[in-house]
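Here is a short briefing for a first look. Please keep the sequence and the 3D view open as you read.

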Amino acid sequence: MLFKDQLFLASQYLAPHHLVSRLMGLAADCRTPAVKNWMISRFVRRYGVDMSEALVQDPLAYETFNHFFTRALRPSARPLDPDPGSVLCPADGAISQLGRIEHGRIFQAKGHSYSLTELLGGDPRRAEPFMNGDFATVYLSPRDYHRVHMPCDGTLREMVHVPGRLFSVNPLTASHVPELFARNERVACLFDTEHGPMALVLVGAMIVASIETVWAGQVTPHKRMVRAERYDEAARGPIRLAKGAEMGRFNLGSTVIVLFGPGRIRWTDTPSVRGPVRMGELLALPA
């Protein structure tokens, strides 16, 4: 391993994750033109952001860096796969891993795995429908579109906010930080779908200032306790979202993990490990 990579990994354990993220969040919400324009311009140059797909194509027209980062795309920019039974990719990014959930563990990278139960907040009853099921992990790089959409029609049943660390989630940390996705702060959203239970887990990371959902708004910043909210008939009433509809977003980017129960779906040939994907592409079909 390169020395600079060793230094980066060491800094991940020593850095005050939440303080750094809160400070970055304040900067990303700054409306002072000189400050936000400098941040946006530098970001566009460094990461080669393609603004031609954006609904508002002038990067300096956004009120804050966060508004730019979570920008909407033109309606035609992400066509949805037309197969009625298809499961769509929920976000732009790269498929870092996908496969079977085995013995209650999800593969991370290079011999590392993490607990399904811990990923979903520590309740075995919440994890049980996904035991021996299937998972896909989508990594969103800084240049990607950072809104998350529904892979299929779904009715929200529960949202779980799990506090935790904010390690970076890039390929280097995924290969070297044990239990990474079950250690970072995350929001797990559980749905009923035509393919059975489905979970979308939005995982926070270093400098991710907040995670939002379309029904609850900003879910983070960090809290000390796992917080679960039910959305069934006896609680708030169900929330139904159509395939391809926006369900959440990252204010600065991270990772989305998709979970299905056993024997419900089969991955197609479209995704591949480390392969680029776009929201709306075919990800899986019914088993």
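Start with Cys 189: its relative accessible area is 0%, so this cysteine is buried. The model is a predicted one.

**Cysteines**
- Cys 89 has a relative accessibility of 1%. Buried means under 20%, so Cys 89 counts as buried.
- Cys 189, at 0%, is buried by that cut-off too.
- How many disulfides does a search of the whole structure find? The search finds 0.

**The annotated serine**
- Ser 254 carries a UniProt annotation, "modified residue: Pyruvic acid (Ser)". The annotation comes from an unreviewed entry.
- Where is Ser 254 found? This serine lies in the loop that links strand 14 (246–251) and strand 15 (255–260).
- Is Ser 254 buried or exposed? Its relative accessible area is 0%, so Ser 254 is buried.

- An open sheet is built from 3 strands, in the order 1-18-16. Their pairing is antiparallel.
- Strand 1 (87–88) and strand 16 (265–267) are the edge strands. Each of them pairs on one side only.
- Strand 18 covers residues 282–286 and pairs with strand 1 over 2 bridges. The sense of this pairing is antiparallel.
- Which residue of strand 18 is the bridge partner of Val 87? The partner is Ala 284.

Methods:
Residues numbered from 1 in each chain as written. Predicted model: local features only at pLDDT ≥ 70, side-chain atom pairs only at ≥ 80, totals over all residues. Heavy atoms only, no water. Disulfide = S-S within 2.5 Å. Buried < 20%, exposed > 50% of the residue type's maximum accessible area, 1.4 Å probe, protein only. UniProt positions renumbered as here; feature names shortened; annotations may be inferred. Helix = DSSP H or I, 4+ residues; strand = E, 2+ residues; numbered from the N terminus. Pairing = 2+ DSSP bridges.
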